[in-house]
Every structure is written in structure tokens, then in C-alpha cells.
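Here's a friendly tour of one protein model. Take a look at the sequence and the 3D view first, then read on.

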Amino acid sequence: MAGCNNPWAASMRPYMQRLLGTDSLGAKTLDLLTAAWAKSTSDTYNSAIKPYFQFCEEQGLPPLAATTATMARYIAWIGERGTIKATSLQPYLSAVNGFFKDHGAEPVAQGDLVAKVRRGLAASQVSLQPSRTRLYLPARILVSSLRLAKDLRTQLTDTWTQAQAELILLFRACLATVLLATFFCRGGAGVECRSGDLLCTPTGGILLYHGTRKGQRGTSTERKLLCELPASAHPDIAELLQYFDAARTRFSAGKIPDRRWAISIREPTTNWTADTLTAWLQRVLCAVHEQPPDGFAWTSHSLRKGAATAAYSIGTPMQKIKFFGGWARESDVVLDYIDPTVLPCPGAWQLFGWMTPGGPPPNVTRQSATDGISEPQHSLNGHISNIEV
């Protein structure tokens with residue numbers, strides 16, 4: 001059946017056939033069952049179950065023969081590898097439980113023994129240094145990133161080459177950082193966005209169709225949120241996005257990459273997460289010579305906080321901030337993303353002034369928004385792998 005997304009659909013089929021029947025109706029029911037997940041959910045479970053299968057292979061254990069004690073050993077095995085935090089363990093255990101239930105077996109990744117071992121893993125992973133607090137990203141850095149993207153555009157040719165790899169990666173990082181912040185995007189949703197979900201309109205505006213927005217992955221198309229930056233708001237950003245699309249299409253021999261921010265159809269994007277956007281942001285920060293204050297961190301989450309804070313500081317109506325950021329109209333969660341003590345600045349006006357009732361004041365120009373920003377440096381260590389035509 002087209003759209004079959006369950007990552008273990010093949011192995012669960014014999015059990016489900018016994019349960020549902022092998023006639024045409026049973027086959028139809030099984031098809032519907034294995035296609036119940038959205039692709040994004042399937043990708044998540046597929047990624048989360050892989051470590052368990054690797055563990056079973058190393059232990060010489062059939063995956064469905066595990067017990068609660070086995071799962072305790074699995075958690076210890078994960079701890080030895082050091083690749084998964086105890087606080088991020090739940091999706092991996094949920095995947096195992098889902099695998100067992102879909103094969104007619106009782107879930108084993110639960111219970112008192114598993115809970116105690118998880119707590120022990122968390123205690124063993126406690127950092128010796130205090131974690132850094134995530135801070136909102138100042139609007140001036142977003143403006144600096146936009147300025148750098150424009151400068152890089154003048155250096156890049158219309159047809160990309162491997163020799164331009166470092167500049168292409170930096171250009172993408174700058175453009176994604178600015179554009180996703182302008183839409184108040186979550187980091188994960190921003191990098192998971194498909195090419196058809198973020199595009200330029202014929203009139204010069206930019207549309208964002210929130211196909212991967214949190215809480216809307218299973219929502220029908222007509223109910224998903226659509227946001228638009230009008231042509232008059234950021235024609236410079238729209239021009240950069242148009243150039244990016246045209247250049248990467250040529251780089252992929254006329255084929256459009258599925259992921260919005262993929263350089264080419266050959267670039268691996270399966271494991272892109274919010275951490276991917278954080279890595280791009282760090283690349284930009286290095287290029288514009290900016291670092292957060294001691295004890296603080298700028299991550300992909302900082303873009304969302306910075307955008308909301310900047311927009312609020314210049315008097316953007318709260319309903320507009322909530323709409324673009326996807327915060328519920330009746331919820332006050334958006335207040336957790338806003339620092340009300342931040343004063344308005346030229347950068348905030350440049351990026352979000354179009355959202356205010358009266359627009360930017362006459363004395364705030366695009367040039368003034370970039371005053372005091374140092375010239376960018378482009379000598380970053382980086383390279384594109386597996387993206388050649």
C-alpha cells in the first residue's frame with residue numbers, strides 16, 4: 001500500500017494476519033494499520049529503534065526475546081556508548097515498547113527496574129560544570145547574518161562548484177538563520193521543512209506552510225497554518241532565497257531537493273534536527289565574531305526567543321507574534337519566549353517593523369540597522385560531503 005510508514009511493518013505482518021484475518025478485509029485492515037503513522041513519526045521511530053537492534057545483534061539476542069532485565073542492560077549499554085543523554089532516553093524506550101506491542105508481545109521497556117537504572121544513568125551523566133542558560137539571540141546578530149548573506153551572494157557564482165563549498169555552507173547558514181527567525185520557527189520544524197513548504201511567491205513575498213509544525217503533523221492540509229511575509233517586508237531576503245533555489249537546482253542537475261535547506265539531492269538530511277540549526281548558527285556566529293556572554297548559550301531555540309523578544313520590543317501586536325510563532329491564541333506560553341526588559345533597536349525595526357501598526361519610524365533606516373557591525377570573515381573550516389551532482 002502506498003504510504004506504508006511503519007518501520008517494522010514487514011515483521012509485524014504475520015502476527016497481525018493471525019489477529020485480523022487473511023481475507024481481503026483483513027488485508028485492507030492491515031494496510032491501514034501499517035500506514036497509520038505520518039512519515040515524520042515513522043522516521044522518528046525508525047531512528048529510535050536502530051540502537052536496540054544493534055544491541056540485540058551484539059548480544060546475540062532475538063529482538064522479541066528481551067525481558068525487563070534485558071532492557072536494564074540495554075540502558076547500561078547506551079550509557080557506555082555515551083551518545084544518548086538519560087533525559088533523552090524516553091523515545092528510544094517507547095520505540096521498543098511499540099515494537100513489542102505491534103508484534104503481540106507485552107512491552108518490556110518499563111517498570112521499576114528500568115526506572116531505577118534510568119535514574120542511575122542520569123546521575124552518572126551529571127555534568128561537573130553547570131549547564132549554560134539559553135539566551136535570546138539579539139536582533140543585531142540576525143541583521144549581521146543577513147548582511148553577511150548578501151556579501152556572500154556577491155562572491156558566489158550562479159552555478160556552484162565544489163571549490164565554493166565553504167562559502168555555500170556559510171551562505172546557507174546565514175540565510176536559514178535569518179529567514180527561520182523571521183518566521184519565529186522552531187529549530188526542528190525549520191530544518192525539517194520541505195522545499196514546497198517555504199517558497200517565494202510570484203509577487204515577491206515569502207510563504208511558509210507549516211507542514212511540520214509541532215502538534216500539526218497529522219493535521220489535514222486545509223487545516224495547517226500558512227504564514228506570509230509580504231513582498232514589501234523583506235524583498236532582500238526573498239531575492240536571496242530565489243538565488244539559493246536556482247543555484248541548488250542547477251547544482252542538482254535540474255532536480256529540486258526535497259528538504260528546503262538541502263544543498264543538493266545527494267546531501268544526507270535524514271538526521272537533521274534542531275541541533276543541525278544550532279550548528280549552522282554557530283558557524284554564523286564564528287563568521288561575524290559574536291559569542292554569548294559567559295555562562296550562556298545561543299542555540300536554535302535562541303532564534304525563536306530572539307525573534308519574539310525583538311518583535312515585542314517594538315510594539316508588534318501579540319496576536320501577530322502568536323500567529324507567526326504558532327502559539328495558541330488563548331495561551332500565555334509565548335511570554336516564556338519574551339524578555340520584556342529588552343529595548344527596541346534598529347535591528348528589531350528592520351526585521352519586524354513591518355508587523356507593527358505604523359511601521360518603522362522615519363529615522364530608522366536599513367543602513368542604520370547595520371551600523372557598528374564588523375565586516376564578516378569567511379575563512380571557516382568546513383566542507384560539503386556527498387552533495388556533488
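## A glutamine to start with

Is Gln164 buried or exposed? Gln164 is buried, because its relative accessible area is 12%, and buried means under 20% (exposed is over 50%, partly exposed is in between, using a 1.4 Å probe and protein chains only). You'll find Gln164 in the loop between helix H7 (139–155) and helix H8. Leaving aside residues up to four places away in sequence, Gln164 touches Gln155, Leu156, Thr157 and Thr159, where contact means heavy atoms within 4.5 Å.

A quick word on the ground rules: this is a predicted model, so local features need pLDDT of at least 70 and side-chain atom pairs count only at pLDDT 80 or more, while totals for chains, interfaces and linings use all residues. Residues are numbered from 1 along each chain as its sequence is written, and side-chain values use heavy atoms, with hydrogens and water left out. Helices (H or I, at least four residues) and strands (E, at least two) are DSSP runs, numbered from the N terminus.

Now for the inside. The largest nonpolar core has 70 residues, and Phe183, Phe184 and Trp261 have the most contacts inside it. Helix H8 (residues 165–182) gives the largest share of this core, 12 residues. There's also a second, separate core of 27 residues, with Met12, Leu93, Phe100 and Leu121 among them. A nonpolar core here is a set of buried Ala, Val, Leu, Ile, Met, Phe, Trp, Tyr and Cys residues joined through side-chain atoms within 4.5 Å. In soluble globular proteins, nonpolar side chains tend to be buried together.

## How helices pack

H8 also packs against helix H11 (residues 274–287), at an angle of about 110 degrees and with axes 9 Å apart. Axes are lines fitted to C-alpha atoms, for helices over the stretch in contact, and angles run from 0 to 180 degrees between N-to-C directions. H8 and H11 are therefore roughly perpendicular to each other (under 35 degrees counts as roughly parallel, over 145 as roughly antiparallel, 65 to 115 as roughly perpendicular and the rest as oblique). Leu169 and Leu180 of H8 are among the residues making the contact, as are Trp280 and Val284 of H11. By class, this contact has 11 nonpolar, one polar and two charged residues. Ala, Val, Leu, Ile, Met, Phe, Trp, Tyr, Cys and Pro count as nonpolar, Asp, Glu, Lys and Arg as charged, and the others, Gly among them, as polar.

What about helix H1 (residues 9–20) and helix H2 (residues 24–34)? They pack at an angle of about 140 degrees, with their axes 10 Å apart. That makes H1 oblique to H2. Their contact includes Met12 and Met16 in H1, plus Leu30 and Leu33 in H2, and by class it has six nonpolar, four polar and two charged residues.

## Loops and a helix end

Asp102 sits in the loop between helix H5 (90–101) and helix H6 (112–124). Asp102 is buried too, with a relative accessible area of 17%. Asp102 and Leu33 are 69 residues apart along the chain, and their C-alpha atoms are separated by 9.9 Å.

Another loop, between helix H12 (300–313) and helix H13 (318–325), holds Pro317. Pro317 touches Met355, Thr356 and Pro357, not counting residues up to four places away in sequence. Inside H13, Ile321, Lys322, Phe324 and Gly325 are buried, and the buried residues of H13 pack against H8, strand S4 (226–229) and H12. After H13 comes Gly326, whose phi is positive, near 75 degrees.
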